[in-house]
Amino acid sequence: MTMAKMVHGPLAAGGVAAAYAGKAYSPYAQRTCPDHVYRGDTRLHTAPSPDAGLMVNRLGLDEAYRFARGEEVTSSTGQPAKIGRPLDWLVVADHSDMMGFATHLIARAPASVATEQGRNW
């Protein structure tokens, strides 16, 4: 006996489409793409984070948010930079460990270069 012969009730008389004609139960059924797509960045580090500040990124929080909103900023290399389409959201995920160390070291803050190790860095 096949599965079709074992089905009773509304499924036996024309299948699910006949039993539930009209609106689909799932609000996402029969859609080819999402209705609300948001663009963003889940993990941005700014100058206070050592892995960004000591490498390339010398921009701070204000510049990061301005850039994400679509405003023009001056990059770490001195060039104007502007995103093609503003972001809908942004997560600034700076590290708490050694936060601010990079910016202080680059500025040669007295506390950063007061020791031999600081001067070597």
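Where is H45 found, relative to β1 and α3?

## The setting of H45

H45 lies in the loop that runs between β1 (40–44) and α3 (50–53). Here helices (H or I, at least four residues) and strands (E, at least two) are DSSP runs, numbered from the N terminus. This is a predicted model, in which local features need pLDDT of at least 70, side-chain atom pairs count only at pLDDT 80 or more, and totals for chains, interfaces and linings use all residues. Residues are numbered from 1 along each chain as its sequence is written, and side-chain values use heavy atoms, with hydrogens and water left out.

## What surrounds H45

H45 is buried, because its relative accessibility is 12% (buried means under 20% relative accessible area, exposed over 50%, partly exposed in between; 1.4 Å probe, protein chains only). Leaving aside residues up to four places away in sequence, H45 touches D51, A52, N57, A93, D94 and H95 (contact: heavy atoms within 4.5 Å).

With D51, the link is also a side-chain to side-chain polar contact at 3.0 Å (a pair of N or O atoms within 3.5 Å; within protein, one must be able to donate a hydrogen and the other to accept it, and residues adjacent in sequence count only if both atoms are side-chain atoms).

The whole structure holds 2 salt bridges (a side-chain nitrogen of Lys or Arg within 4 Å of a carboxyl oxygen of Asp or Glu).

R69 is exposed at 51% relative accessibility, while E71 is partly exposed at 33% and R66 is partly exposed at 30%.
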